[in-house]
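Work through the exercises below with the sequence and the 3D view side by side. Try each task before reading its solution.

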Amino acid sequence: MTMKRLAINTMTILGLVVLFVVLIRLGFWQLNSADKKQQSIDARENAMNTAMSKLPHAREVKKYHAQRVSLTGRFDFEQTLLLDNKVLNGLVGYHVLIPFYPSTDESAEVVLVDTGWIAAGSRREILPTLISWQNIDQVSGFIYQSELNPFIHNVEQSKSISFPLVISQFDIDELATLFDVGVYPAMIRLDPVSEWGYEKQWLWQNRMTPEKHRGYAVQWFALAATLLLLSSVFIWRLNRKQPELLGVVIDE
């Protein structure tokens, strides 16, 4: 019985040590995540402050996320798209995407410009009233590449397609078929200071800020410190009883 008790105590101590190491590793993981998030924010702010006059090559577009661009070209307001299921201040609506053909693009690709959020109608079949701005041949904004959901399809195969057209996501393959021309693999989010467009309250990152990561790290370290304190008390009490237990083993 005494040997069994010693084995249980030993396993308990080992379990506490493992748990302590896990808590410490979680704390450092959160600190590392905070550093990466801060680096991402710094890189994005730097990109937003330096404008490019030409879109980067499609193969390199991921490196230029949030890059500021200023382009000249032609808008096609007759083929406007409505990106569905966009929420702003608790209201459901659309992001209004307008095809844009840059004059500096030799490949004649179309670039979709996200001109902002507009509220949805009271019923699904009622589409919002859109504005066709005149004499707009320039766009200033930021490159944005959204993630693709492979389980969602945008446009049903139909002989008659009317605009504005509601789409579920930014799928360049389906959109290339729709426009019958190549589609640039990222959108341009219109600059919030632009005098035209709709509601332009862009979200560039998730809600997990570097400060939140550091706050979670403090919590993990605090749990580790609490565990260390309680474990020390447990081991101290165990050591006080150890001679008595050993004596019982020797007597046997």
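The model is predicted, so local features need pLDDT of at least 70 and side-chain atom pairs count only at pLDDT 80 or more, while totals for chains, interfaces and linings use all residues. Residues are numbered from 1 along each chain as its sequence is written, and side-chain values use heavy atoms, with hydrogens and water left out.

**Exercise 1. Describe the largest nonpolar core.**

Step 1. A nonpolar core is a set of buried Ala, Val, Leu, Ile, Met, Phe, Trp, Tyr and Cys residues joined through side-chain atoms within 4.5 Å. Buried means under 20% relative accessible area, exposed over 50%, and partly exposed in between (1.4 Å probe, protein chains only).

Step 2. The largest such core has 23 residues, and Leu-55, Leu-71, Phe-75, Val-139, Ile-188 and Trp-196 have the most contacts inside it.

Step 3. Two or more residues each come from β2 (68-75), β4 (91-102), β5 (111-119), β6 (138-144) and β8 (187-190). Helices (H or I, at least four residues) and strands (E, at least two) are DSSP runs, numbered from the N terminus. The most, 4 residues, come from β4.

Step 4. A second, separate core has 14 residues, including Leu-97, Tyr-101, Phe-179 and Val-183.

**Exercise 2. Which residues of helix α2 (residues 172-179) are buried, and where do they lie around the axis?**

Step 1. Glu-174, Leu-175, Leu-178 and Phe-179 are buried.

Step 2. These four cover an arc of only 125 degrees around the axis, which puts them on the same side of α2. The arc is that of the directions from the helix axis to the C-beta atoms.

Step 3. The face turned away from the buried side carries the exposed residues Asp-173 and Thr-177.

Step 4. An α-helix has 3.6 residues a turn, so residues three or four places apart point the same way.

**Exercise 3. How many salt bridges are there, and which parts of the chain do two of them link?**

Step 1. A salt bridge is a side-chain nitrogen of Lys or Arg within 4 Å of a carboxyl oxygen of Asp or Glu. By this rule there are 3 salt bridges.

Step 2. Asp-191 pairs with Arg-68, with the closest N and O atoms 2.8 Å apart. Asp-191 is in the loop between β8 and α3 (210-251) and Arg-68 in strand β2, 123 residues apart.

Step 3. Arg-124 pairs with Asp-84 at 2.7 Å between the closest N and O atoms. Arg-124 lies in the loop between β5 and β6 and Asp-84 in strand β3, so the pair ties together parts 40 residues apart in sequence. Arg-124 is exposed at 55% relative accessibility, whereas Asp-84 is buried at 8%.
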